[in-house]
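Good morning, and thank you for coming. Please look at the structure on the screen before I take you through its main features.

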Amino acid sequence: MRGSRPHRWVTHALQACLVVEAMLALMNRQWYLALISLLVILITFFPLLFERQFRIRTPPPLQLLTFGFVIAALLLGEGRGFYSRFWWWDIALHTVAGGLFSAVGFLLAYGGNGMRRVEDSIIKPGFIALFALMFSLGMGVFWEIFEFSMDSLFGTRMQRAMLGDPSGLTDTMWDLVMNTVGALVISALGWRCLKYAEQGIFLKDWIDTFIERNPRLFRKPH
């Protein structure tokens with residue numbers, strides 16, 4: 001499968017680095033960092049479990065971007081304290097998350113459409129782009145509710161003080177704003193991809209790969 005072998009090499013390299021990180025953390029009795037490293041290792045196996053359970057294969061570039069995001073958010077952000085060391089780290093990750101969720105929304109909408117080619121879509125490109133945008137915004141809101149619940153029930157500090165606001169409200173609003181920015185960018189690119197069936201747009205490559213890897217989900221156009 002196109003691109004699958006390099007994807008596996010990179011995935012295995014990331015998993016090996018995470019195993020080393022977990023072992024070093026255990027040797028240094030950094031229990032929290034070790035726990036996060038092991039959690040990230042487990043997350044890297046989710047696409048394989050998802051594929052075996054539901055027989056749906058996601059594009060390798062999307063998997064690698066997701067792995068990178070999880071490492072940046074959990075291992076570096078939480079484990080290595082990047083959220084505290086770099087004020088922009090949380091903002092950047094929420095922007096990337098908005099784009100990733102929007103891309104997933106496109107794949108979900110296009111998979112439900114059931115067409116083999118972008119230009120054969122029977123659903124208006126604007127509607128698919130709007131669905132992707134709303135899906136991303138919904139996931140962003142769900143995450144903020146999760147952060148609020150964790151802080152309220154378990155006393156965590158997922159909603160951090162920001163710009164002199166100790167309540168975490170400013171942090172939450174900036175998270176939602178940047179999630180929206182990322183979602184808007186990818187939704188706009190996706191709309192252009194579907195509207196004009198242009199080559200050279202990465203989202204079209206992801207859609208083509210998604211169709212190629214999941215032929216049973218798509219029917220031939222009449």
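This is a predicted model: local features need pLDDT of at least 70, side-chain atom pairs count only at pLDDT 80 or more; totals for chains, interfaces and linings use all residues.

At 32% relative accessibility, Leu189 counts as partly exposed, because buried means under 20% relative accessible area, exposed means over 50%, and partly exposed lies in between, with a 1.4 Å probe and protein chains only. The C-alpha atoms of Leu189 and Phe202 are separated by 8.9 Å, and the two residues are 13 residues apart along the chain.

Residues are numbered from 1 along each chain as its sequence is written, and side-chain values use heavy atoms, with hydrogens and water left out.

Now to the chain as a whole. It contains nine helices and zero strands. Of its 222 residues, 40% are buried. The accessible surface comes to about 12800 Å², and carbon and sulfur atoms account for 70% of that; such areas come from the Shrake-Rupley method with a 1.4 Å probe, and for residues only the protein chains shown count as cover. Taking contacts (heavy atoms within 4.5 Å) between residues at least 6 apart in sequence, 67% join residues at least 24 apart.

Helix H8, residues 169–196, gives the most to the nonpolar patch, with five residues.

How do helices H2 and H4 pack, and at what angle? Helix H2 (residues 31–43) and helix H4 (residues 60–79) pack at about 170°, with their axes 9 Å apart. That makes H2 roughly antiparallel to H4. The axes are lines fitted to C-alpha atoms, for helices over the stretch in contact, and angles run from 0 to 180 degrees between N-to-C directions. Angles under 35 degrees count as roughly parallel, over 145 as roughly antiparallel, 65 to 115 as roughly perpendicular and the rest as oblique. Among the residues that meet are Leu33, Ile36 and Ser37 in H2, and Leu74 and Leu75 in H4.

Which residue forms a salt bridge with Arg80? The partner is Glu21, and the closest N and O atoms are 2.5 Å apart; the rule asks for a side-chain nitrogen of Lys or Arg within 4 Å of a carboxyl oxygen of Asp or Glu. The pair links distant parts of the chain, with Glu21 in helix H1 and Arg80 in the loop between H4 and helix H5 (82–85), 59 residues apart. Glu21 is buried at 15% relative accessibility, whereas Arg80 is partly exposed at 38%. Glu21 also touches Leu33, Ser37 and Leu75, not counting residues up to four places away in sequence.

Finally, consider Arg29, in the loop between H1 and H2. Most residues other than glycine have a negative phi. Phi of Arg29, however, is near 60°, a positive value. Arg29 is exposed, with a relative accessible area of 66%.

Note on methods: Helices (H or I, at least four residues) and strands (E, at least two) are DSSP runs, numbered from the N terminus.
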